[in-house]
Amino acid sequence: MKIGIDIGGSHIGIGLIDKDENIVEKYETDINGNNKSDNLNEFIENYILQVIKKISKEHEIELIGIASPGTPKDGKLTSLVNLGIDEFDITKIIQKEFNGKIQINNDAKCAGLAEKQYGSLKDYDDAVFMCLGTGIGGAVFLGGKELKPKRNPGFEIGHMIIKKDGILCNCGKKGCFETYCSMKRLKNSLIDVMGLNKDTTAKELLELLKERKEETEIQKILKEYIDNLIIGLSNITDLLEPEAICLGGSFVYFKDILYKMLLEEFNSRRYVFNKNTLPEIKLASLGNDAGIIGSTIM
Ligand SMILES: [Zn+2]
């Protein structure tokens, strides 16, 4: 049995995974404003250790995998910007309860690995996974294998520049793909133009959007979003010629609005160099479990 831990910006999910890669037990907690304090590290540590302890009493665990935002290095989580944590030595913490193999990977890479092995990309050798969420991350597979540079996890697709001197990105560059196409950016633009409260949930926003999507100002934002997304998809396609590109993250939650618009536009004009290499645009199929499952793929 394996344990997969998915640490997100607002949520921790932990799953016990059996030999057929099914999640057979699941534990979840929100990291909300109340514990976003000096004690946040402690909160995460206590929660994770408590669950590992409970699971290990009843099952033999061979591996613990961790999916985390940022760039994990030397067994540590680093740059968890959404949690305001610079560095978190998760390996050392887990070793208090577990002395087997521990592996850590970027969360978008984990979700991509899971989709490649068990989800929407399982029938493709050359494929790209893109996670559209707070930022944009992803993974590339060529000839069935994940593309892995030597030094860092690589494929920082969210930070490819799509507009010269464009919006300033958190990374310090200007005009990065994710400053135009993250779901966070889209949600904020919609909330603004629709005159909604900043705390509007994704569910509320989606309901209102279904009623109001034909309004000119809203159409303008949606169209601009899709146009920018297509710049990204077009560049990736010409660079890598994947057979399929799978879109995950909260984009999937807004699929009724965005997916149809995207397909119509992408297929209507010439966006790729080789017409016969137009990739299939798919939606992620594993949802929130992709990080947990993908974190334990070796
Ligand atoms: Zn950037």
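This is a predicted model: local features need pLDDT of at least 70, side-chain atom pairs count only at pLDDT 80 or more; totals for chains, interfaces and linings use all residues.

Visitor: Which residue is the bridge partner of Gly4 in β4?

Guide: Gly65.

Visitor: OK. What packs on the sheet there, touching β1?

Guide: Helix α1 (residues 40-58) does, and it also touches β2 (11-17) and β3. The direction of α1 makes about 15° with that of β2. Helix α3 (residues 107-118) packs on the sheet too. Its contacts are with β1, β4 and β7. The direction of α3 makes about 100° with that of β7.

Visitor: Back up a bit. What is the strand order in that sheet?

Guide: β3-β2-β1-β4-β7. That is 5 strands in an open sheet, with mixed pairing.

Visitor: Which strands stand at the edges?

Guide: β3 (23-30) and β7 (101-106). Each has a single partner strand, so one side of each is left without a neighbour in the sheet.

Visitor: And by how many degrees are neighbouring strands turned against each other?

Guide: On average 15°, direction ignored.

Visitor: New topic. How is the chain split into domains?

Guide: The domain assignment gives domain 1 (2-99) and domain 2 (123-285).

Visitor: How many Å apart are their C-alpha centres?

Guide: The centres of domain 1 and domain 2 lie 28 Å apart.

Visitor: Now helices. At what angle do α5 and α7 pack?

Guide: About 165°. Helix α5 covers residues 183-193, helix α7 covers residues 216-240, and their axes are 10 Å apart. An angle over 145 degrees counts as roughly antiparallel, so that is how α5 and α7 lie to each other.

Visitor: Left-handed or right-handed crossing?

Guide: Right-handed, for α5 passing α7.

Visitor: Which residues meet there?

Guide: From α5, Leu186, Ser189, Leu190 and Val193. From α7, Glu217, Ile218, Ile221 and Tyr225. By class, the contact of α5 with α7 holds 6 nonpolar, 1 polar and 1 charged.

Visitor: What about α7 and α8? How do their axes cross?

Guide: At roughly 60°, coming within 10 Å. Helix α8 is residues 255-268. α7 and α8 are therefore oblique to each other. The crossing of α7 and α8 is right-handed.

Visitor: What are the contact residues in that pair?

Guide: α7 brings Leu222, Ile226, Leu229, Ile230 and Leu233. They meet Ile257, Met261, Leu262, Glu265 and Phe266 in α8.

Visitor: And how many of those are nonpolar, polar or charged?

Guide: The contact of α7 with α8 has 9 nonpolar residues, no polar ones and 1 charged.

Visitor: Thanks, that's what I needed.

Notes
Residues are numbered from 1 along each chain as its sequence is written. Axes are lines fitted to C-alpha atoms, for helices over the stretch in contact, and angles run from 0 to 180 degrees between N-to-C directions. Helices (H or I, at least four residues) and strands (E, at least two) are DSSP runs, numbered from the N terminus. Angles under 35 degrees count as roughly parallel, over 145 as roughly antiparallel, 65 to 115 as roughly perpendicular and the rest as oblique. A crossing is left-handed if the near helix is turned anticlockwise from the far one by less than a right angle, and right-handed if clockwise. Two residues are in contact if their C-beta atoms, placed from the backbone, lie within 7 Å. Ala, Val, Leu, Ile, Met, Phe, Trp, Tyr, Cys and Pro count as nonpolar, Asp, Glu, Lys and Arg as charged, and the others, Gly among them, as polar. Domain bounds come from an automatic or database domain assignment. Two strands pair if DSSP finds at least two bridges between them.
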